[in-house]
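Trainee: I would like to learn how to read strands, helices and chain contacts in a model. Could we go through it slowly, one feature at a time?

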Amino acid sequence: MGIKVINDKCIGCKLCIPACPLGAIKVENRKAIIDLDKCNLCGACPSSCKFNAIEITKEDVRVVDKSQYKNIWVFAEQYEGDVHPVVIELLGEGKKLAKDLGVELCALLLGDADIEKEAKELIEYGADKVYMATAPELKHYTTLPYSTVISDMIRQHKPEIVLFGATTTGRDLASRIAARINAGLTADCTGLAIDKETKLLMQTRPAFGGNIMATIICKNHRPQMSTVRPKVFKKATLDHSRKGQVIKSTPKIDQSDLLVRIVDMIKDATLKVNLAEAEIIVSGGRGLQAPENFKLIEELAGVIGGAVGASRATVDAGWISSHHQVGQTGKTVCPKLYIAVGISGAIQHLAGMGSSDIIVAINKDPDAPIFKVATYGIVGDLFEVVPKLTRKLKEVRG
Amino acid sequence: MNIVVCIKQVPGTTQVKINPETNTLIREGVESIINPFDENAIEAALQLRDKHGGKVTVITMGPPQAINALKDTIALGVDEAILVSDRAFAGSDTWATSYTLASTIRKIGAFDLVICGKQAIDGDTAQVGPGVSEFLNIPQVTFAVGVEINNGVMKVNRLLEDTNEIVEVKLPALITVVKQMNTPRMPSFKGKMKAKSAVIPTWGAKDINAEDGKIGQKGSPTSVVKIFTPPPKGGGELLSGSVDEMVDALVKKLRDRKVC
C-alpha cells in the first residue's frame, strides 16, 4: 500500500497541486513531491495527472465471493404508511441499473402488519419483488431493530447493490448496517451508473460542499451500498397493471435491540412544505432586517407553492425555526427553483443550495457572492422587488 | 461520567476560495480548523461534565499536525486528548475510520457517552458516528439538538427533516450533534496556558490493538476512482431596467422555463 510519483513520467506540470484536497503536493526541480504525512491516499491526484505519473498501489484483504451476490435492493422508507418520495426515485434509478446488470429490482419494506398496500404500490412503481418484514416493533423507525432485521436479510438473500435515500433515517441506518456486515457505503450520491467492463457500481457524490465531485467504487465487498440524495433522480412511473412477488417474513425483535424508546414526535407547524422535498424554495436572509418581514417570503412562497427557507444568520437571530435553515450547517437542498432574498451568499449557504436547477437572487448589494451562482439576478431593494414579484406571479398564475 | 468526543481536523472553509479558471478550491495557505459540528460536540460534553462531574477525553485520527486541534480542545477545558496517528491508517474510508476510533475508545476504557459532530464539512458523509457505535455495540442517537441525563437515562431531542423526535436511551450510548445544539465556548486564558504544557499521547495501530486488515486503505471497502469539478453553471444573467421591468422579465423567464 502506498503512493508514489514515477519520476520518468512526471514533467512537473503542477496539475496535481490544485487537485489535492489536502495540499500535500509540491513541485521541486520539475518533479512532483508528495508529503506522506499529509496525504491520505484519497485518489484525487492520479486522476488529475495526464501522464499517469502518480500511482497508488493497494492490497486487498477482505474479499468476498462476489458471484453469490445479485439483484438490486431499494430500502422503502415509510412513515406511518406513507412511502417516502425518495423511494420512488430510487425505484426509477434502480430499474435502469437492474436492466444494465440483467438482474431484478427488489424493494425492502419494514413496518407493522399494516403495510400490504405499500407493498403493492412498490410493485406498481417497478419492484419485481418486495421483501416485506413485519413486527409491531418495526412500526416506527428506530436504528437497532431496523439494522438487525435488514442485516439479516442481506446476509440471507445477498443483494449486489442496496440503495437508501440520504434522509436522516437513511443516513442513520445505512452506516450502521455497513459497519455490521463489512459493506462499502457511499454517502449522499447524486450519480449512479454501472461500469460496462467491471460491472461495478460507479457512485458519484459531491464533497467539500459541492465544489468537488468524487466517483467512488466498492471493488471487493458486497453489497455495494449507497445513500442517494433526494430529488436528484426522476420518479419511477406508476403502472397499476404491474405484477410482482411479495415475500413476507415476521422477524422476532430481540430485547437487546430495544434500547432506544421514542417518547414523542413534535412536528414543526411553521413548516408547511418540507424543504428537502420542495420543488420551489424561497429563502430569506439578513436583508429582511426584522423577523416580521419573513411574511414577504411566506407570501411569495405561498403564491408559487414553495417552501420557506432561511439563512443561518436569521436562524441564529431567532427569527425563524432551525428546520428552515439552508446551508452547510442546515439542510442541503436542490429544488427546481431557489429564490434567495436578501441573502449575501456566504460559502456555507452556497454549499447547501448551489446545485439547485435555477437560482434567483434578489439583493441590493451588486457585489454579493450570491450573484455569482445566480441564474437570474435582480439588484434592488427587496422591500420593493418582492411584493411586486408576488403580485405579478399571482396575476399571471390566475 | 466519562465522555469521549471524536473530532476531525478539516480545511477552514471560510477561507476557502474557488479558482475561477479551474473552479477548484484553492488550498494553499488554508488553515485547518476543528470541524464546526465537532465544536458543538465538545461543548455538549463540557456542559454535561460540568453538570454531572467526570471527565472529557477528545480523540482524533489524523496526521501528526492534528495535535494542534487537540491542544485547542485542552484550552477549551477538555481533560485529556489523544492523537491516533499511524501511516497504517492512511487511506481510511468511513468504515475503517469508524473501526479505528471505536478501537481507540475501547482502549481508553470505561465510558458512558460518546459524542460526535453530525458530519464533517469536508466529506459530509455523517457515516462515522453510526459506524463507531456499531463497532462499540452501543445504541446511537443521531442529529441531537438537545440532551439531558437523569439517573443514567439520556433523553435526546433529535432534529429531523420536519420533526423533532424525542427519545430515551440508557447509557452507554453515542450521540451525534447538530449545530443548533449549543454555542461553543471560547478558550480561557487559564485553558490556553494549560494547552501549552499539555502532553498529548500519540497512539498507533498497535497501541489500539487494531487488526491489520481493518485499518487504512486495506480495511476500506470503498475507494475513490475519480475526482473532478462539477460542470460550471452557465447562463448567469443580471437583469436590468426599472424594478417593474426586472420583475416582468424575471416572471417571463421563469414561466418560459415552466418552473412556476
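Trainee: Which residue stands opposite A:Ser283 in S19(A)?

Mentor: In general, strands of a sheet pair through backbone hydrogen bonds, either parallel or antiparallel. In this predicted model, A:Ser283 stands opposite A:Gly309 in S19(A), and strand S18 (residues 280–284) of chain A is joined to S19(A) by four bridges, the two strands running parallel.

Trainee: How do S2(A) and S3(A) run, and how many bridges join them?

Mentor: Strand S2 (residues 25–28) of chain A and strand S3 (residues 31–34) of chain A run antiparallel and are joined by four bridges, with A:Val27 having A:Ala32 as its bridge partner in S3(A). The hairpin that these strands form has two residues between the strands, and A:Asn29 takes a positive phi near 50° there.

Trainee: Which residues of helix H4(A) are buried, and what covers them?

Mentor: In helix H4 (residues 116–124) of chain A, the residues A:Glu118, A:Ala119, A:Glu121, A:Leu122 and A:Ile123 are buried. Their cover includes strand S6 (78–79), strand S7 (82–83), strand S8 (105–111), strand S9 (129–134) and strand S16 (245–249) of chain A. After H4(A) comes A:Gly126, and its phi is positive, near 120°.

Trainee: Is A:Asn211 buried or exposed?

Mentor: Here one counts neighbours, and a residue is called buried if 20 or more other C-beta atoms lie within 10 Å of its own. A:Asn211 has 20 other C-beta atoms within 10 Å, so A:Asn211 is buried, although its place is in the loop between strand S13 (201–207) and strand S14 (212–218) of chain A. Its C-alpha atom and that of A:Ile56 are separated by 24 Å, and these two residues are 155 residues apart along the chain.

Trainee: Into which domains is chain A divided?

Mentor: The assignment gives domain 1 (2–57), domain 2 (66–253) and domain 3 (275–397). Between the C-alpha centres of domain 1 of chain A and domain 2 of chain A there are 37 Å. In secondary structure, chain A has eleven helices and 22 strands, and buried residues make up 53% of its 398 residues.

Trainee: What does the secondary structure of chain B come to?

Mentor: Chain B has six helices and 15 strands, and 51% of its 260 residues are buried. One pair to look at is strand S1 (residues 2–7) and strand S6 (residues 55–61) of chain B, which run parallel and are joined by six bridges, with B:Ile3 opposite B:Val56 in S6(B). Helix H1 (residues 36–52) of chain B lies across S1, S6, strand S8 (113–117), S9 and strand S12 (173–177) of chain B, and H1(B) runs at about 170° to S1(B).

Trainee: What is the order of the strands in the open sheet of ten strands, and which strands stand at the edges?

Mentor: The order is S17(A)-S11(B)-S10(B)-S9(B)-S12(B)-S8(B)-S1(B)-S6(B)-S7(B)-S13(B), and the pairing is mixed. At the edges stand S17 of chain A and strand S13 (202–203) of chain B, and because each has a single partner strand, one side of each is left without a neighbour in the sheet. Strand S17 (residues 260–267) of chain A pairs with S11(B) in the antiparallel sense over seven bridges, and in this pairing A:Val260 stands opposite B:Val169.

Trainee: How many residues of chain B are in contact with chain A?

Mentor: There are 82 residues of chain B in contact with 91 residues of chain A. The side of chain B that touches chain A receives the most from H6(B), which gives ten residues, and by class this side has 37 nonpolar, 25 polar and 20 charged residues.

Terms used
Residues are numbered from 1 along each chain as its sequence is written. Chains are lettered from A and ligands numbered from 1 in the order in which they are written. This is a predicted model: local features need pLDDT of at least 70, side-chain atom pairs count only at pLDDT 80 or more; totals for chains, interfaces and linings use all residues. Two residues are in contact if their C-beta atoms, placed from the backbone, lie within 7 Å. Ala, Val, Leu, Ile, Met, Phe, Trp, Tyr, Cys and Pro count as nonpolar, Asp, Glu, Lys and Arg as charged, and the others, Gly among them, as polar. Two strands pair if DSSP finds at least two bridges between them. Axes are lines fitted to C-alpha atoms, for helices over the stretch in contact, and angles run from 0 to 180 degrees between N-to-C directions. A residue is buried if 20 or more other C-beta atoms lie within 10 Å of its own, exposed if 12 or fewer, and partly exposed in between; C-beta atoms are placed from the backbone. Domain bounds come from an automatic or database domain assignment.
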